[in-house]
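I open this notebook to record what I looked up in the structure shown below. The entries follow the order in which I consulted the model.

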Amino acid sequence: MLFLLQDGITNGAIYALLGLALVLVFAVTRVILIPQGEFVTYGALTYATLASGQVPGTARLAVAMGVVAFVLDLVMRRRALRPALIVQSLLINVALPTAILALTLTLADRQTPIAIDIALSLLIVGTIGLYLYRIAFAPIAHTSVLVLLIAAVGCHLALQGIGLVFFGAEGQRGPPLSNAAFTIDPLRFTGQSIAVYVVTLALIIALWLLFSFTLYGKALRATAVNRLGARLVGIRTALSGQIAFLLAAVIGAISGILIVPITTLYYDTGFLIGLKGFVAAIIGGLVSYPLTAIAALLVGSVEAFSSFYASNFKEVIVFALIIPVLLLRSLAAPAVDEENE
Amino acid sequence: MAQRLPVMLFALMMAAIPFVPGMPPFWIVLLDNIGLSALVAMGLVLLTGVGGLTSFGQAAFCGFGAYTTAVLTTAYGLSPWLTLPLSLIVSGVFAVALGLITARLSGHYLPLGTIAWGLGLFYLFSKLEFLGRNDGISAIPPLAIGSLKMISPDAIYFAIWAAVILCAVVTMNLLDSRTGRAIRALRRGHVAAEAFGIHPPRTKLLVFIYAAVLAGLSGWLYAHFQRAVNPTPFGAQAGIEYLFVAVVGGAGYVWGGVLGAAIVVVLKEVLQDYLPYLFHGEGQLETIVFGMLLVALLQLAPNGVWPWLMRWLPLKQTRKAIDPSLKLPPRRKPAAIDDSLLIIDHARKEFGGVVAINDVSFDVGAREIVALIGPNGAGKSTTFNLVTGVLPLSSGTISVMGQTLEHAKPQDITRLGVSRTFQHVKLVADMTVLENVALGAHLRGHAGAIKSMLRLDRGDEARLLAEAMRQIERVGLSAQADMLAGNLSLGQQRIVEIARALCADPSLLLLDEPAAGLRHMEKQQLAALLRNLRDSGMSVLLVEHDMGFVMGLANRVVVLDFGTRIAEGSPEAIKTNPDVIRAYLGATP
């Protein structure tokens, strides 16, 4: 029993991270981030590829997306092109990913410590997240949640297909962050699972600090509450969106790197993991961070128990969790006059 | 309607396609698939684009339709024509069950809920023994009329496209009716809808069932087209794809569903066929390109391709002329007791520890204009919400037309003859002024959804529109009757709200800041209109900030401050009342 719970909490911690990222992105941009799963896969498999001494295709993808983002920037601002803007856009969108690619190429076949592999993976996936928002979502940021959602599904399809091209159909595993292990009867703790707990907790605290005490964090929250109002007081909402996507991509990549030593990841595994983070986010109501974290632990535990007792129905039970929660929420929610345009 | 001609042309064109010499049979198969997908998408247009209820679960309803006919025709040997109504009923019944659980979910919870049961039902299809588990059911008999068996794709083509065109016409009829207006009002939030007697949960359930039945029909056709069913096409993936189809085509437009189906089906086919030649068969390239094209398409036309296309076509919507002689029978009005239409007695409303309304009492008599004034936050709008049943009372009583209201719903209060406007204008921006105003007469019409679909509602509809037009003329907006409500100035929108309220044929009119945003001349016209209404026997209770407007108009003024009634009397008495002056100007005694 206890080991099931332990297993559940390890998984739940990952779902919590993803759930938090989903809530973050939704709150700031109103995008339901279906491609979150791809960030997980990209992070995990980029890390695994780097660790095996090869150059991951994602580094090139980042450059390609950066170039597209740069061209989009030029086209969008063609009426007010100032040299400073061009240089800035060139630096962020082209020079940055090219530098990362160059770094990856030089470091790939050398024996590098895993810390460097991790840092590179995060950089690569983070920039992909940044450009993804610029390319796919910034131009339609003003449209309805439904249109954004469909665009998100489109991104998911494209990124998943690209993932297959880069990483192949076979699954991969990455080296663990730590090989330590110890036993507190009757449970056995591995260094990796400890790392999962520590990193999750640290990230949650970091996010909390970010949103409570920094100007950028407050700007993100302001964008979430009222886009127009945020713009009127001088917050660049497009920038907020990019930051949210960057954070989500990095969080996704971290989750991927944390689990790839524990389970074999395939190019399409991320989607299902992302969906479960999603279940947690929904239970948390897409607004509350602490609730989402708690819900994620619940989802992880339910999954662990149901895969033990009724493995056939594992996914169904996890997804069915949503219904009673949704019902309770909508019954308990006061009759707010919402206008979903 | 002027839309009839293009529909006929389209039908003729579709009917002619199979007879074009040299038409590749494969194209007909594609058209069959487009038709099947268009049926589901059309349901989604009504559900998602118009009604604002996003569903990822439509594929499951196709599954109900397909499996019903598959089981009944193979295991029990029923004729496919006999299973058609059964398939539709099964889809509809499941829609009722699922709709009762999920349609009342609000906001983002609904689409998420539909994903959950979409996944669950797919799993059910693939696990149940009598549905053939993952292998499904094969050897389903083809559709047949007499000896003509529709085995080939170009035979069933006619059945599919007849269904598509029929459903499109029926759906357009439904949208252009009393029920259709109610559906279109759903997206604008439920408070305004309820204020005119629309029952949002019931209306939501109706569209939910309608969309499910269309999906069931598509499933039924699919089963007899493929002559085999298995769970795959009814999974969550397919559910998401149907939503694609609707959004790409234009989720707010019936023909957008058809166009979207054509775009998505053809795009996928082309990509699958030609990409391998271009890129030498790297796996899944078509999904990559499909995903990218989808994103690009949404950026070019975020509202879908249909409205974008329509801008280039010189098709103009014309409205049938309204016959002004048609009249709605007046609402049966309950006789008011001792001349007070509205009696508020020690009404109290607390939000948590905050007392918003503190034992307020006043009344509104017949043929009287009463103004409720007070500084911001005095509780004026809360009082309105208590009277109209939007909020429940904490204690005290409110009686309307001599009937004490306890837990009365807004619809019931409207039925008693109280109608209202809103402080923040609640019009459906993409409906014309005429349609918005006709919404006010919702309770005075009788035609239901089925009558509307079959166009048997025209008499009822003509009377409703004539009444709406009469009220628009009364408030002096005839020139704007065919404009979209969202394009009017704020002041005009307020006047439209008054016309809408008048359309309900009220005895008591509640106006929440009607003069805000009006120019001086417009205010004078509004005052004249209200005086006119009073002289013809109506009572008015209004909340207003414009003292000049109130003092020249009201018979009686009630002053609220911090939720408490501090004064009541004639405008002259109120002007000199020291308590009122203190509340407004903060003068120290």
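Are α16(B) and α19(B) parallel, perpendicular, antiparallel or oblique to each other?

I note that this is a predicted model, in which local features need pLDDT of at least 70, side-chain atom pairs count only at pLDDT 80 or more, and totals for chains, interfaces and linings use all residues. Residues are numbered from 1 along each chain as its sequence is written, and chains are lettered from A and ligands numbered from 1 in the order in which they are written.

**Entry: α16 and α19 of chain B**

I looked up helix α16 (residues 433–440) and helix α19 (residues 490–503) of chain B, which pack at an angle of about 40° with their axes 6 Å apart. Helices (H or I, at least four residues) and strands (E, at least two) are DSSP runs, numbered from the N terminus. Axes are lines fitted to C-alpha atoms, for helices over the stretch in contact, and angles run from 0 to 180 degrees between N-to-C directions. α16(B) and α19(B) are therefore oblique to each other; under 35 degrees counts as roughly parallel, over 145 as roughly antiparallel, 65 to 115 as roughly perpendicular and the rest as oblique.

The contact (C-beta atoms, placed from the backbone, within 7 Å) involves residues of α16(B) including B:Val433 and B:Leu439, and residues of α19(B) including B:Val496 and B:Arg500. By class, I find eight nonpolar, two polar and one charged residues in the contact of α16(B) with α19(B). Ala, Val, Leu, Ile, Met, Phe, Trp, Tyr, Cys and Pro count as nonpolar, Asp, Glu, Lys and Arg as charged, and the others, Gly among them, as polar.

Leaving aside neighbours within four places in sequence, I find A:Ala248 in contact with residues including A:Leu33, A:Phe39 and A:Gly129.

**Entry: overall figures for chain B**

I record 23 helices and 14 strands in chain B. The C-alpha trace of chain B spans about 90 × 50 × 50 Å along its principal axes. Buried residues (20 or more other C-beta atoms within 10 Å of their own) make up 52% of the 589 residues in chain B.

How values were computed:
Contact = placed C-beta atoms within 7 Å. Buried ≥ 20, exposed ≤ 12 C-beta atoms within 10 Å, placed from the backbone.
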